[in-house]
Amino acid sequence: MARVLDDILFVALLVLVAVIAAFLIFPLIVAVLMAFDARTYLGTFPPHGFSFQWFYRFFNDEMYMRGLKTSLLVATISTFASAIIGVTAAIALVHTRSRARQALEAIFLSPLIVPTVVIGFALLLFFSRIGLFIGFTRLLCGHIIITVPYTIRVTLAGLVGIPKSISEAALSLGASDWRAFWTVTLPLARTNIFAGTIFAFVFSMDDVSVSLFLSSVDTYTLPVAMVGMMQSQFDLSIAAAAVFLMVVMTTLMLAIDKIFGVNKILVGK
Amino acid sequence: MNVLELRDVVKRFGPLTAVNGVSLSVQKGSIISLLGPSGCGKTTLLRIIAGFEHPDEGLVFLGSKNVNGKRPYERNVGLLFQDYALFPHMTVGKNVAYGLHQRGFREPQVKKRTDEMLDLVGMREFANRRPQTLSGGQRQRVALGRALASNPELILLDEPLSALDAKLRLELRTELKRILVTAGSTAVIVTHDQEEAMTFGERVIVMEKGQIRQEGSPTQIYDDPKTRFVAEFIGRSNWFCGTLGQKIGEFREFLCSQMKTTLIREPDQVNHKMYDVCIRPERILTRGSKSKDLNDGDEPLNTINGTIKDVIYLGSDFELIIALDGAAEMTAIEKNRRQSIPNRGEAVTIAFRPSDMIVIGRD
């Protein structure tokens, strides 16, 4: 009797997992297929015929391209900045006493918990108060704030995974603290630092809510451009833009997984 | 000449006193063992010598220089870790060369010295391998080569064999000792394993609760422990409690309610009220295993009658649990030489020498 119940529960679990997976994947499949629709208007699913017209329109639209350019620029610079901030903060954290460390870690990682809409709104108020109205700078600051937790987290996982005895061995062999860090600790955490920056880049490219608040008339990111397009002229170029973003992100994530293994980075083993 | 000298070293961690007034010195070319249970302060002491911890009180001298407050890299002390602590992103050769580079050796010298060290520890053919591809024993040998490369004044070994399985531990024990002796190193080894302590150490220092309880050669520590803690920590023992009786010749009578009166060696002090007396299991002979072997001197033997309660076969040894007339119980250990061993329930006579009795006065 207990066995039958177990079997039923197991099958039910499988079905549940399958339904959830389908629910996650199906909208993506619709978007991807529709992006290649040959009709010139937004028709119903499934698409009729095959064409690259929406991609052509995406790559030739001034608004999209401006957004893409800003997105790439913001993502690159903010990733670079948050890598430096994240690595420095992570190093400081591993050398801090445990209680202070927990508090500091919570503060550093708070952007992960606070809703991005709240961060976006708060930053908008703050920047207005201090009189910062340059769109690009505002976007950059916002993106550094939302990406820093990722670089800290992933670098920290890497640093914590290095046994203390390894840097002590370097010290006992005559290396100063700085040399020990440079020749032993940093090379061992390299993989994680690199992975953290890729995560940061992906999240910066992907962000909508913070960017929405901080964009100005002439400086906006690609996702913001997509939102704008959706409100003004709802057509399938949005699907094409989505597919483009998806391909870039997936490639980057697969690259991390292929080279380092996402589990290894997050768990620090 | 003393390579290391500690004077009244105290180290506290919050309310806990990890090291409580330790003084010791290590002469050039000698190897000493710091032995004690976990939490006795031996590892803290090692970390103080290496420079990872700084003492709250007391002085640390390396050679003739006071090194209080000096960073680890300002001392020339090699260190061997329990987990080997090899650099996983470097080859075996690079690992060994690391210290030489950090200490400013020139490239040709580094190359020469690295090869010498790899030969010494028998790892030359693995020079281009990564540490991860080596076995635990091989890794520890590389670590020893790395620690010895820049010719440290002193080498510290922190439980170097405890991560290895039992059989390999025995092999590597003799191997590490051979390498240390060949290199003429002065060494301090920290361990909780008494056999390890005795293999390495010409001198063994037993620690408990942050203090040195006894210091001496392995023989002194084993055969003449000064406190009950030392006697119990090293080897096995059968304990009896009682009072002293008459002095008979060079020996002394021991009166114990649990067994008949025996002769013991004369204690250093006879003014304690009660005495704890112990006998090591392997110093007890049961009749049938030629008790006349014991009579190599003029020493009178203690003999007690009893019955075998249990016989435990351990392969190389027999462990005999004997119920004595008078309620006490003793454990005796005999080497398995395929001699006839009494059966359970059999009446036996056990014999032991008065001079084998360890006598400790109760405070």
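How many residues of chain B are in contact with how many residues of chain A? In this predicted model, 19 residues of chain B are in contact with 15 residues of chain A. Two residues are in contact if their C-beta atoms, placed from the backbone, lie within 7 Å. On the side of chain B that touches chain A, the elements giving two or more residues are strand 6 (77-80) and helix 2 (92-102) of chain B. Helices (H or I, at least four residues) and strands (E, at least two) are DSSP runs, numbered from the N terminus. That side of chain B divides into eleven nonpolar, five polar and three charged residues. Ala, Val, Leu, Ile, Met, Phe, Trp, Tyr, Cys and Pro count as nonpolar, Asp, Glu, Lys and Arg as charged, and the others, Gly among them, as polar.

A word on conventions. Residues are numbered from 1 along each chain as its sequence is written, while chains are lettered from A and ligands numbered from 1 in the order in which they are written. Since the model is predicted, local features need pLDDT of at least 70 and side-chain atom pairs count only at pLDDT 80 or more, whereas totals for chains, interfaces and linings use all residues.

Take chain A next. Chain A has twelve helices and zero strands. Its C-alpha atoms fill a box of roughly 70 × 70 × 30 Å, taken along the principal axes. Of its 269 residues, 34% count as buried. A residue is buried if 20 or more other C-beta atoms lie within 10 Å of its own, exposed if 12 or fewer, and partly exposed in between; C-beta atoms are placed from the backbone. Among contacts in chain A between residues at least 6 apart in sequence, 76% join residues at least 24 apart.

Chain B is assigned two domains, domain 1 (2-232) and domain 2 (236-361). Such bounds come from an automatic or database domain assignment. The C-alpha centres of the two domains of chain B lie 39 Å apart. Five residues from domain 1 of chain B and five residues from domain 2 of chain B make the contact. On the domain 1 side, these are two nonpolar, one polar and two charged.

The largest nonpolar core has 103 residues, and B:Ile49, B:Leu80, B:Ala143, B:Leu156, B:Val188 and B:Ile350 touch the most other members. A nonpolar core is a set of buried Ala, Val, Leu, Ile, Met, Phe, Trp, Tyr and Cys residues joined through C-beta atoms within 7 Å. Helix 4 (residues 136-149) of chain B supplies the largest share of this core, six residues. Both domains of chain B give residues to this core, so it lies between them. Apart from it lies another core, of 32 residues, including A:Val74 and A:Leu123.

Leaving aside neighbours within four places in sequence, the contacts of B:Leu80 include B:Ala143, B:Leu144 and B:Leu156. The bridge partner of B:Leu80 in strand 7 of chain B is B:Leu157. Strands 6 and 7 of chain B run parallel, joined by four bridges. Two strands pair if DSSP finds at least two bridges between them.

Is strand 7 of chain B enclosed or open? Five of the five residues of strand 7 (residues 154-158) are buried, so the strand is largely enclosed by the rest of the structure. B:Leu154, B:Leu156 and B:Asp158 cover one side, and B:Ile155 and B:Leu157 the other. Four bridges also join strand 7 of chain B to strand 8 (residues 187-191) of chain B, again in parallel. There, B:Asp158 has B:Val190 as its bridge partner. From strand 7 the chain crosses through helix 5 (residues 166-182) of chain B to strand 8, a right-handed β-α-β crossover. Right-handed means that, with the strands pointing away from the viewer, the path from the first strand over the helix to the second runs clockwise.

Most residues other than glycine have a negative phi. B:Asn151, in the loop between helix 4 and strand 7 of chain B, has a positive phi near 50 degrees. B:Asn151 counts as partly exposed because it has 15 C-beta neighbours inside 10 Å. B:Glu159, in the loop between strand 7 and helix 5 of chain B, has a positive phi of about 40 degrees. With 20 C-beta neighbours inside 10 Å, B:Glu159 counts as buried.
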